[in-house]
Amino acid sequence: MFPDIAYLEWISGRPETAEYDLGSSDLRRAPAGADEVVPPALADVVAGEATLRERLAEIYGVAPENVLVTAGATHANFLAAATAVTGAEAAEEATEGDGDGAEPASTPRVLVEKPGYEPLLATPSAVGATVDRFLRRADDGYLLDPDRVAAATVENTALVTVSNRHNPSGRLTDRETLAETARLVGDADSTLLVDEVYAPFRADPGDGPFGGPTAAGLPNTVVTNSLTKFFGFGGVRIGWLVADAGFVDRAHSVRHHVPAVAEPSRQLAGRALAAADQLADESRERIRANREALAEFVASREDLSGRVEPGCSYAFLDYDAADGDAVAEAAWNEGVLVVPGRFFDESDRFRVGAGGDPERVSAGLDRLGEVLDSLAG
């Protein structure tokens, strides 16, 4: 029932041991020290009286009943998939119970972008769905095409899953395109799930939550996010889900089957949101520096292709002389972590994540350049 997630098996332990971590895409901050629980960036922050749910509702411009706090974005995506799939199964069973002569229930289906992040495929499969795919084409810059999504939906598509920014390419989708996608998905009696963990990645803030575009508040839509990628507090293990109140109620019931959110994590998350503006400024300063370094690195090499999206500190690259596995293996042998593209459906490519300290990122890119030179022979 629960398939292995090859990417997570592969990446486990590597960022901690790599000399240069160009595989992690999050903007991680210094963790709490030994025998401490508060990360240094949150040590002097006062959370205030609002609950975490109330504060997130205010940030997204929705009511508190539209928000469910989770143990990270992976937890939120699991709850979204399980809620949509079990809801579709229940609706199918109710139709059978009406005695209208309908055919026996078919397996709910989940439609996921391709290329895409492997856990977004594995999770719906784990909860019993059949997974279908729709293409985000490389020659279109991996843009999200609402008509392509609509054409790939079928009668029992329960959920359509996209990421914004797109993981692995970094392509950002605006709210207007998300709204059109949500409308078409709703026409197919399905729900749109938008994983927005990379949406705030921009050189300058926009009008949405944490400065990024959002699909929150659109009909038939669930959005997920966390404190891990943009704010860099992966150890706090806090995420959230924003949807209509009925979906949140059902997700809350599903949440009883999996571990709850620890109260110390809620307290730390409250501090992070209280200081969100300052933390966001710091994150964007790092994004600007690392994006510039990554873009210059790609532009300097005629044997390397791939777009470094504006405001984005990771990219999905294609190397002329070797496929993604060969690049990742050679880089790892020289102390550099990059991620093979086979974990994102395109084995010719590899993903570079420039999320760390800018000086380390620049040094890592220099080492990666030496690796590519060696592969060219």
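**Close-ups of a predicted model**

**View 1. Helices α3 and α9 cross.** The axes of helix α3 (residues 52-60) and helix α9 (residues 263-274) come within 10 Å, crossing at roughly 30 degrees. Here, axes are lines fitted to C-alpha atoms, for helices over the stretch in contact, and angles run from 0 to 180 degrees between N-to-C directions. Helices (H or I, at least four residues) and strands (E, at least two) are DSSP runs, numbered from the N terminus. That makes α3 roughly parallel to α9, since angles under 35 degrees count as roughly parallel, over 145 as roughly antiparallel, 65 to 115 as roughly perpendicular and the rest as oblique. L52, R55, L56 and I59 in α3 meet R266, A269, G270, L273 and A274 in α9 (contact means heavy atoms within 4.5 Å). Sorted by class, this contact has six nonpolar, one polar and two charged residues (Ala, Val, Leu, Ile, Met, Phe, Trp, Tyr, Cys and Pro count as nonpolar, Asp, Glu, Lys and Arg as charged, and the others, Gly among them, as polar).

This is a predicted model, so local features need pLDDT of at least 70 and side-chain atom pairs count only at pLDDT 80 or more, while totals for chains, interfaces and linings use all residues. Residues are numbered from 1 along each chain as its sequence is written, and side-chain values use heavy atoms, with hydrogens and water left out.

**View 2. Here's the largest cavity.** About 50 Å³ of space lies inside. On a 1 Å grid over the protein atoms alone, a cavity is a set of points where a 1.4 Å probe fits but cannot get out, and a pocket is an open set with protein on both sides within 12 Å along at least five of seven lines; lining residues have an atom within 4 Å of a point. Grid points are joined across faces, edges and corners, and a volume is the space filled by probe spheres set on the points. Look for N77, A81, V110, L120, T123, P124, L159, T161 and L193 around this cavity. α5 gives the most to the lining, with three residues.

**View 3. Now for the largest pocket.** This one holds about 1,100 Å³ of space. Of its 44 lining residues, D26, R28, T228, K229 and R237 are the closest to the centre. The lining splits into 19 nonpolar, 17 polar and eight charged residues.

**View 4. Last up is the second largest pocket.** About 360 Å³ of space lies here. α4 supplies the largest share of the lining, seven residues.
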